[in-house]
Every structure is written in structure tokens, then in C-alpha cells.
Amino acid sequence: VGVELGGALKNIIAIAAGVCDGLGLGANPKGALLTRGLAEITRLGVALGAEPTTFAGLSGMGDLITTCFSPHSRNRHVGEEIAEGKSLDDVLSSMLMVAEGVKTTLAARDLAERHKVEMPITEQVYQVLFRGKSADEGISDLMLREPKPEVWG
């Protein structure tokens, strides 16, 4: 369960990482995003029966880091383009390959709601991709959230 979820959900975080890159936010905010993204992925995974330690391994953290930093990442590319003001339709129509994170965002948001798991990054990616929120607004809403521990139930 954890391997499958890690492999899918990391694509949502990669879209957000691309937004960070597209907005020129730098390495520190992107590092924070990955840390919080991994915690978010783990929360949903545990709610769906995954072992939490799975997400600390190659199929969790390893895959997340690679996808969020690779210049070849399709999902990170989507985030970069969205941050530059392009519409999702324009971004997707210009791509030759599939960015799985777009549809995964819809599925993950639905799973999070059904299992009452808070996924703030996924929610902001959803708002930016599907509800017309600007990338700047999505980042701002994440930053203005009430502080919480990095690992919480």
C-alpha cells in the first residue's frame, strides 16, 4: 500500500515543487515543501493501511526527492508552467507525455476527505489546478496556516 501511494502521491508534491521553482522561491522553501509533503503523504498512507516506515525509504522519500528536483520531471514541469501563469489546459496540451499528478490530485483529495486526513499541499494544488487560484495565492495560503508539528495525526 505504501509503495503504491508513495509512487502516486509524490507527483502532487512535485507539481507544488515546480510552482516553487517557477516562482523562484529557492531551495529552503522547496526543502520545507518536501518535508511537509512527505508528512502529508505518510498521513494518508497510514490512514489507508500503509506502514509509515515505507515512506522513509526509496519508494517514499527517495522517489519524492527525485521527482521534485529532476529537470525531467513531468509533474514538476506542470508546476513551473502554472507558476508562470499558463493555464492547465495549455500546459497539458503542449506536453507529449502524461503528468500523472494532475489526476492524482483529484483522487488524493477525494481520499483525504473520505478518510478525514488533512492534506494542505494537495488542497492548494487542487485549488490552483482546478479552481483558478493563482500559484502565489496557493503558496500564501500554505504559509499563513497555523503552525503545527511536522508529524501529527
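In the predicted model, the buried residues of helix α7 are Pro120, Ile121, Thr122, Gln124, Val125, Tyr126, Gln127, Val128 and Leu129. Because nine of the 11 residues of α7 are buried, this helix is largely enclosed by the rest of the structure. Just after α7, Gly132 adopts a positive phi of about 80°.

When neighbours within four places in sequence are left aside, the contacts of Thr122 are Ile12, Glu40, Thr105, Ala108 and Arg109.

In soluble globular proteins, nonpolar side chains tend to be buried together. The largest nonpolar core in this model contains 34 residues, and Leu33, Val78 and Leu129 have the most contacts inside it. Two or more residues of this core come from each of α1 (2-22), α2 (27-47), α3 (58-69), α4 (74-83), α5 (88-93), α6 (101-114) and α7 (120-130). The greatest contribution is that of α1, which gives nine residues. Leu33 is in contact with Ile13, Ala16, Ala17, Cys20 and Ile121, again leaving aside neighbours within four places in sequence.

Two packed helices are described by the angle between their axes and the distance between the axes.

For α1 and α7, the axes come within 10 Å and cross at roughly 65°. The crossing of α1 past α7 is left-handed. On the α1 side, the contact is made by Ile12, Ile13, Ile15 and Ala16, and on the α7 side by Ile121, Thr122, Val125 and Leu129. By class, this contact of α1 with α7 has seven nonpolar residues, one polar residue and no charged residues.

For α1 and α4, the axes lie 6 Å apart and the helices pack at an angle of about 40°. At this angle, α1 is therefore oblique to α4. Their crossing is right-handed. The α1 residues Asn11, Ala14, Ile15, Ala17, Gly18, Val19, Asp21 and Gly22 meet Asn75, Arg76, Val78, Gly79, Glu80 and Ala83 of α4. The residues of the contact between α1 and α4 divide into six nonpolar, five polar and three charged.

For α1 and α3, the axes come within 8 Å and cross at roughly 30°. Angles under 35 degrees count as roughly parallel, so α1 and α3 are roughly parallel to each other. The crossing in which α1 passes α3 is right-handed. Here Val3, Gly6, Gly7, Lys10, Asn11, Ile13, Ala14, Ala17 and Asp21 of α1 meet Ser59, Asp63, Leu64, Thr67 and Cys68 of α3. The contact of α1 with α3 comprises six nonpolar, five polar and three charged residues.

Leu129 is among the buried residues of α7, takes part in the contact with α1, and is one of the residues with the most contacts inside the largest nonpolar core. Val78, also one of those core residues, belongs to the α4 side of the contact with α1. Ile13 of α1 takes part in the contact with α7, meets α3 and is in contact with Leu33.

Notes. Residues numbered from 1 in each chain as written. Predicted model: local features only at pLDDT ≥ 70, side-chain atom pairs only at ≥ 80, totals over all residues. Heavy atoms only, no water. Core = buried A, V, L, I, M, F, W, Y, C linked by side-chain atoms within 4.5 Å. Buried < 20%, exposed > 50% of the residue type's maximum accessible area, 1.4 Å probe, protein only. Helix = DSSP H or I, 4+ residues; strand = E, 2+ residues; numbered from the N terminus. Contact = heavy atoms within 4.5 Å. Axes fitted to C-alpha atoms, helices over the stretch in contact; angles between N-to-C directions. Parallel < 35°, antiparallel > 145°, perpendicular 65-115°, else oblique. Left-handed = near helix turned anticlockwise from the far one by under 90°. Nonpolar A, V, L, I, M, F, W, Y, C, P; charged D, E, K, R; others polar.
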